[in-house]
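Here's a quick tour of charged side chains that pair up. Have the sequence and the 3D view open as you read.

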Amino acid sequence: MIFPVKKNTKSACVVPTIFPTLQLHSTVCHGNELSAQFGLFHSRFAQLANLHEQASLLPSCLAIDIAHELKVMQEYNSLEITVPVVGLTDLLEKTNNNKRHFASPIALNGFCAKSNNEQPHYPFPEFVLITDLIGNQYELIVNQDGTIELPQEGTGLFSLITAITFIYSYHQIVEGQGLERIKNPMHEQKILLLPPQENIEGFDVRVTLSHINERHQRIVDTIRTIKVTYPNISKKQYQSNVIVQREAHEGYDKLNVTLSLTLLLPLTKHLPFTTSISLDPLKGVHYSLDSNLDKIKIPQASHGWLRHPTQHNVFTKHIGLSVKGLTSLIRYLYSEYDFTKDILKGDLFNLSQEKGYNNFLLMPEALGRFYDVIVHDLVNQKMLGSYFFDRVPKERLMALDITALQADFHDSIVLEQIAIELSEGRLDALQQLLMSAKDVAYPQIMETFGITATGLGGVLPQVAVDIESMTHEPPLARKVAKAKDLSHMLTPHIAWTPLLETTKEGENISLKVTEVNGEQFETSTQVQVQPFTVVEIDPSHIHTTR
């Protein structure tokens with residue numbers, strides 16, 4: 001049952017009324033079976049939730065106030081809710097197992113779907129409009145079982161979508177025809193919106209009132225933008241576990257430190273942070289990074305752990321890249337030119353071209369936009385890193401000099417670490433930045449390095465783990481553990497070159513290092529630390545500007 005849309009016979013020009021922008025804060029909507037049912041290719045796509053479902057989903061929902069819209073809404077008006085698609089979504093991928101990358105309305109003005117399917121029952125919008133990759137809009141037919149029908153002729157259109165518009169009639173919004181009233185009056189004059197699954201990116205929702213004039217033209221009467229943001233989800237998103245394996249030698253002890261960081265929210269895997277290991281500063285005990293290294297010097301950037309220049313018991317490593325840094329890295333390693341060559345060779349990233357859809361030869365400007373979507377999803381952990389590694393040969397990765405990329409201090413250290421590993425034919429650090437299949441179920445970062453301790457005797461030090469964001473906020477997490485003597489279970493370890501860590505602008509520091517390769521090696525130098533600046537990267541140097 002579809003309720004007819006009344007036409008407004010007024011011929012005067014209508015200037016849309018702009019309502020004030022709303023700011024809403026969302027929590028992460030974790031994937032579960034019920035939430036997934038409101039995605040594409042599932043039974044509840046585009047439907048409102050019933051009373052039971054609405055109560056279960058309510059803790060994750062956003063409440064959008066539409067009191068202003070209801071005050072001016074007339075019988076000939078429709079209410080439109082336009083939500084962005086924040087991850088790669090293909091309407092022709094029938095076996096699509098991806099998460100729901102868009103927000104879904106589940107209740108309107110205190111009305112929801114009927115629980116017992118009593119007739120009349122119509123929990124669907126009147127129309128569903130799709131905005132595709134290059135901005136085309138076309139109607140999507142949604143059947144009672146949730147299946148969808150695209151236009152039969154797809155020439156010039158794309159099944160990759162960037163936005164969905166749900167359009168509801170006055171009768172549904174104001175009168176609740178075909179719907180059931182929610183008894184809680186708090187939900188009146190509100191749209192309950194279920195956020196995208198496993199998403200931490202902010203997004204904008206647009207709510208508009210529109211009508212069809214006598215010329216059958218769609219006219220917009222009011223516009224409101226709702227900006228949805230997420231809190232700093234990096235706080236308390238890590239669980240740390242540290243094990244220190246002690247190996248006794250004549251005159252010194254060797255401590256093999258193994259740190260495992262379990263990410264409670266896998267989406268935070270790429271976020272930049274520093275992790276510090278602090279050993280108990282025992283009297284008469286001196287710590288240094290494993291002496292089985294080449295001669296120590298002060299290099300320009302780190303490829304591993306750093307020892308604090310003044311606190312010999314503190315060791316730090318920089319992990320993760322900023323969104324800007326990771327975006328620049330991916331665009332450099334796999335440029336838009338490389339992507340275009342792959343497309344022209346027939347690698348369509350599993351896109352279907354049935355019915356004429358997704359013809360990039362007809363719309364070459366879509367190539368750049370498709371490339372942007374691929375990079376966005378790789379950076380934001382919405383696409384497996386295998387898409388990247390399958391298309392970029394290891395030999396090419398080893399040949400490129402990524403240290404030339406402009407970056408801030410934190411990112412430059414991580415990029416140097418990646419460059420050193422690539423030169424050695426290893427992809428560990430790069431793979432750590434991109435989501436793999438195992439990250440979905442068991443997201444963990446493992447770090448191992450060696451410390452030489454003199455004067456330790458039979459005492460085992462306590463170990464503290466600090467995790468801090470690159471913005472120098474208060475520590476995100478701290479855990480203190482008693483070191484365990486696991487000499488009988490020794491495993492091979494990785495040694496790291498000691499480097500200076502971040503110091504305050506203009507601060508004088510002194511570095512002294514002893515016991516290198518069993519020989520006395522000492523250097524004392526004064527370093528005047530210069531302020532560093534964050535340089536904006538011009539995307540036109542890396543890929544085509546659109």
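What follows is a look at the salt bridges, starting with the ground rules.

## Ground rules

This is a predicted model, where local features need pLDDT of at least 70, side-chain atom pairs count only at pLDDT 80 or more, and totals for chains, interfaces and linings use all residues. Residues are numbered from 1 along each chain as its sequence is written, and side-chain values use heavy atoms, with hydrogens and water left out.

## The overall count

Side chains of opposite charge can pair when their charged atoms come close. A salt bridge here is a side-chain nitrogen of Lys or Arg within 4 Å of a carboxyl oxygen of Asp or Glu. The structure has 14 of them.

## A buried pair and a partly exposed pair

E53 and R44 make a salt bridge, with 2.5 Å between the closest N and O atoms. E53 is buried at 11% relative accessibility, and R44 is buried too, at 14%. (Buried is under 20% relative accessible area, exposed is over 50%, and partly exposed is in between, using a 1.4 Å probe and protein chains only.)

R181 and E188 also pair up, at 3.4 Å from N to O. Here R181 is partly exposed at 42%, and E188 is partly exposed at 35%.

## A link between helices, and a network

D338 meets R396 in a salt bridge of 2.8 Å, N to O. D338 sits in helix α6 (residues 336-344) and R396 in helix α9 (residues 394-399), so the pair ties together parts 58 residues apart in sequence. Helices are DSSP runs (H or I, at least four residues), numbered from the N terminus. D338 is buried at 12%, while R396 is partly exposed at 30%.

Finally, a network of salt bridges links E421, E424, R426 and D428.

Definitions and conventions. Helix = DSSP H or I, 4+ residues; strand = E, 2+ residues; numbered from the N terminus.
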